[in-house]
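Trainee: I am new to this structure. Could we go through how its parts pack together?

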Amino acid sequence: MPHNGCPHQCVFCNQRNITGHSYQPTQDDVVSAIETAIKSGVDKKNTEIAFFGGSFTAIDRGYMVSLLNATKQYINDFYGIRLSTRPDAIDDEVLTLLKSYGVTSIELGAQSMCDDVLSLNERGHSATDVVNASNLIKKYNISLGLQMMIGLYGSTPEKDIETAEELISLSPDTVRIYPTITMKDTLLEKYYNDKKYVPYSKETTINTCAKILKMFYDKKINVIRVGLHYSDELVSTSVAGFYHPAFRELCESKMFLDMLVNEIKKYPQGEFSVIVGNKFISKAIGQKKANIKVLKELGYIVTFKQSDTLKDFQFIIKERGDLCY
């Protein structure tokens with residue numbers, strides 16, 4: 001539902017380019033999408049019907065209800081309904097309505113918890129709106145999701161960390177983290193061309209996101225998305241900002257490296273074996289062996305080995321020659 005319901009045009013936003021669509025879905029489209037999912041053999045009891053791309057609770061109420069009505073014949077077969085909306089488009093009336101239709105998850109586009117950043121990006125809401133809406137959603141026993149962006153106009157890595165801390169204090173069930181990408185036909189593109197906005201470098205983007213991931217990881221908050229979904233339109237219409245189809249893997253690899261460096265520095269420089277889980281080996285090594293190279297620069301020659309018992313981000317450090325693991 002690209003941009004539908006949004007009362008503001010944020011400086012960074014061009015939803016049609018991000019999603020690759022400008023067409024607004026009808027009841028028939030909702031039914032068609034659900035039927036396609038069913039035919040594909042999706043596990044319905046563990047699947048939510050989702051409305052994304054705009055501010056679902058801010059669209060015309062009759063249109064919103066018509067889309068929800070399209071799910072009625074299926075809702076008992078699925079886990080529920082997930083939707084995204086603005087923090088200032090949540091109140092008791094709409095939550096009562098959504099609950100009656102089987103809505104199970106609401107994601108709020110918080111983006112930042114710094115009011116100056118929200119104002120500069122013309123979000124049209126405050127950090128207090130995020131807090132109030134989050135508390136109200138939890139009051140209705142609906143799963144709370146929060147979305148944040150790093151590298152916004154006027155932000156800094158320190159402010160991004162502050163935003164993550166504020167979101168953690170709201171105890172969300174899920175979080176999404178997006179790097180800011182400068183899109184064509186946005187005010188942010190003008191700021192970029194006028195040198196008013198300087199995007200984060202690749203290194204700053206990955207380092208900041210890795211730190212924030214660790215914060216959510218430590219609090220056992222489920223980060224369900226890191227980075228924008230790939231689309232040809234996104235690639236062709238972006239003008240600045242770091243984008244990579246495997247962005248999450250890059251960030252998780254850096255997060256792991258930071259954790260490993262923090263521990264291995266307790267040992268004298270030398271040769272070591274580091275044991276990690278079987279499924280985590282590629283992230284441990286890093287893209288193009290990046291983590292091995294960084295460790296070598298620090299004076300640690302590391303060989304990674306695999307274990308059936310270790311989980312993601314878990315590791316054991318063994319001095320070379322000690323093979324008892």
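Trainee: At what angle do helix α7 and helix α9 pack?
Mentor: Keep in mind that this is a predicted model. Helix α7 covers residues 157-169, and helix α9 covers residues 202-218. Their axes lie 10 Å apart, and the packing angle is about 20 degrees.

Trainee: Are α7 and α9 roughly parallel or roughly antiparallel?
Mentor: Look at the angle between them, about 20 degrees. Angles under 35 degrees count as roughly parallel. The two helices, α7 and α9, are therefore roughly parallel.

Trainee: Which residue classes make up the contact of α7 with α9?
Mentor: On the α7 side, the residues include Ile161, Ala164 and Leu167. They meet α9 residues, among them Ile212, Met215 and Phe216. By class, the contact has 3 charged, 2 polar and 8 nonpolar residues.

Trainee: Which strands stand at the edges of the open sheet?
Mentor: The sheet has 6 strands, paired in parallel. Their order is β1-β2-β3-β4-β5-β7. An edge strand here has a single partner, so one side of it is left without a neighbour in the sheet. The edge strands are β1 (48-51) and β7 (222-226).

Trainee: What is the bridge partner of Ala50 in β2?
Mentor: Strand β2 spans residues 80-85 and runs parallel to β1. The two are joined by 4 bridges. In β2, Ala50 has as its bridge partner Arg82.

Trainee: What angle does the direction of α7 make with that of β4?
Mentor: Helix α7 also packs on the sheet. There α7 touches β3 (103-111) and β4 (143-150). With the direction of β4, that of α7 makes about 175 degrees.

Notes
Residues are numbered from 1 along each chain as its sequence is written. This is a predicted model: local features need pLDDT of at least 70, side-chain atom pairs count only at pLDDT 80 or more; totals for chains, interfaces and linings use all residues. Side-chain values use heavy atoms; hydrogens and water are left out. Axes are lines fitted to C-alpha atoms, for helices over the stretch in contact, and angles run from 0 to 180 degrees between N-to-C directions. Angles under 35 degrees count as roughly parallel, over 145 as roughly antiparallel, 65 to 115 as roughly perpendicular and the rest as oblique. Contact means heavy atoms within 4.5 Å. Ala, Val, Leu, Ile, Met, Phe, Trp, Tyr, Cys and Pro count as nonpolar, Asp, Glu, Lys and Arg as charged, and the others, Gly among them, as polar. Two strands pair if DSSP finds at least two bridges between them.
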